[in-house]
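Subject: Structure for you to look over

Hi,

Here is the structure I promised. Please open it alongside this note.

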Amino acid sequence: MADFVGAVDQGTTSTRFMIFDHGGNEISRHQLEHQQILPEAGWVEHNPVEIWERTRAVIETALGKAGLGAADLVALGITNQRETAVVWNRRTGRPYYNAIVWQDTRTDRIASALDRDGRGEVIRRKAGLPPATYFSGGKIQWILENVEGVREAAEAGEAVFGNTDTWLLWNLTGGPDGGVHVTDPTNASRTMLMNLETLDWDDELLSFFGVPRAMLPEIRPSSNPDLYGVTRATGPLGGEVPLSGDLGDQQAATVGQVCFGVGEAKNTYGTGNFLLLNTGNELVRSRHGLLTTVCYQFGQEKPVYALEGSIAVTGSAVQWLRDQLGIISGAAQSEALARQVTDNGGVYFVPAFSGLFAPYWRSDARGAIVGLSRYNTNAHIARATLEAICYQSRDVVEAMENDSGVRLDVLRVDGGVTANELCMQIQADVLGVPVSKPVVAETTALGAAYAAGLALGFWTSTDELKNNWNEDRRWLPSWTDEQREEGYAGWKKAVQRTLDWVDVG
């Protein structure tokens, strides 16, 4: 009998494959980075073919490390960087253009135009999203308008679109030879093209972007007993494995953190930060700059919704210290450098490299380091970078409490930055609530595995998943209320300095 579930976690900077047992314990993993393509200021692209090749390689290697084969896997789940748009030819399997990444800001004029003429309000009402460069709809429009031959191919039904989950599902199930063109509601809800109430593509929204409906994948439940398809025996798994789970990465982390109750929240610290609050079957429309999104849909049950605060630059700000400033040699060194000082020395760093996401939604903002004096050192800048991660999260928590009326009791955290103990302590101090990290920190991949396994009865209920969750570490607030409010007031002042920097007319 098959005893394990596999999960592909296709992220912004890398792709990994992980294998879990029934207790939610990691059995094996392999991870490979892919190239970040930066052709112009504000443009961020990936090569979809490279991502598929990396996916094949990590699956084969992780299985090999564990001495497992396709027959040992009950099911396969996929989780992915959301909003990153791929358009390809369904006959040849070749992409027409590089994947346009969620961080890319080339569609700022498309987003601004939507808000100027009133279409933005329709998008907010139907899709739960503000018009922004972040989401897939504008990226599809840009490819249709700027890449030769794509508009004609789309009208003829040859050019198809998907976020990276759809691209991988299509390739895993055969690609040009019968590949399945599907997605789930969590990914579809990040396009500005899906109606949150019907969980279907909306013709009025499609008309705003000039996207032919035939380009779009079929939307199926996130945990799908009827399957998306099965892997090809000629593929990286070397056999037929049911594909039964698909979740956007932040929703997958919410499932991996077993936030199944209304009012439960998690914050994932990766390239960016993403804080999700489960609102149950109720669609809560934000009045404070958050996104209303689908949290998950299990089988034929009603969808569960969430409020989300998306922050563009958090972990990638630490990468910037390493790659652009050269003041650290690796992410772990940011903690040691920041520990050399006891506070930020009056320095604030607002890493608005691609504008500000939630709760501001200002594409005209750009990064700023403020409050510098001759006294300050690279250690203050390192500490200000960690504080920026935490202050941006507080901005989102405050918006969430205002929208939902729910006061956060504890924040569940996951993702790479949680290895930075100083950053997690600062987060508890800035928020004034405990911060809790689970034993299995790779909750994104775990959530995709849970969705896939639930669909086929490997796990029988969400209660069983809750029993798998165990706390690894808890950080308690140590700042006084006065320290907390003084620090946050300085942050808000710094944010104001970043606005109106770029003309996005």
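Start with T13. T13 sits in the loop between β1 (4–10) and β2 (14–20). Keep in mind that this is a predicted model. T13 is partly exposed, at 23% relative accessible area. Setting aside neighbours within four places in sequence, T13 contacts E33, H34, Q36, T271 and Q319.

T13 belongs to an annotated group. An unreviewed UniProt entry gives "binding site" for T12, T13, S14, T271, G315, Q319 and G416. These positions span 405 residues in sequence, yet no two of their C-alpha atoms are more than 14.0 Å apart, so they gather at one spot.

G315 lies in helix α10 (residues 315–325). With a relative accessible area of 11%, G315 is buried, because the cut-off for buried is under 20%. Beyond its neighbours within four places in sequence, G315 touches G270, T271, I389 and V417.

Two of its residues are worth a look.

- R82 is in the loop between β5 (73–80) and β6 (85–89). R82 counts as buried, at 2% relative accessibility. Neighbours within four places in sequence aside, its contacts include W102, Y134, N187, R190, D249 and E308.
- E83 is in the loop between β5 and β6. E83 counts as buried, at 2% relative accessibility. Neighbours within four places in sequence aside, E83 contacts I100, W102, Y134, F135, S136, K139, N163 and R190.

D249 leads on to the helices. How do α9 and α14 pack? Helix α9 (residues 249–256) meets helix α14 (residues 443–455) at an angle of about 80 degrees, with the axes 7 Å apart. The two are therefore roughly perpendicular to each other. From α9, the residues in contact are D249, A252, A253, V255 and G256. From α14, they are T443, T444, L446, G447, A448 and Y450. By class, this contact has 6 nonpolar, 4 polar and 1 charged residues.

Now the aromatics. The structure holds 23 aromatic pairs. Take W88 and W170 as one case. Their ring centres are 5.5 Å apart and their planes are at 55 degrees, so the pair is tilted. The pair links distant parts of the chain. W88 is in strand β6 and W170 in helix α6 (residues 164–172), 82 residues apart. W88 counts as buried, at 0% relative accessibility. W170 counts as buried as well, at 3%.

Y97 and W142 form another pair. Their ring centres lie 5.3 Å apart, with planes at 55 degrees, so this pair is tilted. Y97 is in the loop between β6 and β7 (99–100), and W142 is in helix α4 (residues 136–146), so the pair ties together parts that are 45 residues apart in sequence. Y97 is partly exposed, at 21% relative accessible area. W142 is buried, at 13%.

Last, a cluster. Ring pairs link W102, Y134, F135, F274, F357 and W361.

Best wishes

Note on methods. Residues are numbered from 1 along each chain as its sequence is written. This is a predicted model: local features need pLDDT of at least 70, side-chain atom pairs count only at pLDDT 80 or more; totals for chains, interfaces and linings use all residues. Side-chain values use heavy atoms; hydrogens and water are left out. Helices (H or I, at least four residues) and strands (E, at least two) are DSSP runs, numbered from the N terminus. Buried means under 20% relative accessible area, exposed over 50%, partly exposed in between (1.4 Å probe, protein chains only). Contact means heavy atoms within 4.5 Å. UniProt positions are given in the numbering used here, feature names are shortened, and annotations may be inferred rather than shown by experiment. Axes are lines fitted to C-alpha atoms, for helices over the stretch in contact, and angles run from 0 to 180 degrees between N-to-C directions. Angles under 35 degrees count as roughly parallel, over 145 as roughly antiparallel, 65 to 115 as roughly perpendicular and the rest as oblique. Ala, Val, Leu, Ile, Met, Phe, Trp, Tyr, Cys and Pro count as nonpolar, Asp, Glu, Lys and Arg as charged, and the others, Gly among them, as polar. Rings of Phe, Tyr and Trp (its six-membered ring) pair if their centres lie within 6.5 Å; planes under 30 degrees apart count as stacked, over 60 as edge-to-face and the rest as tilted.
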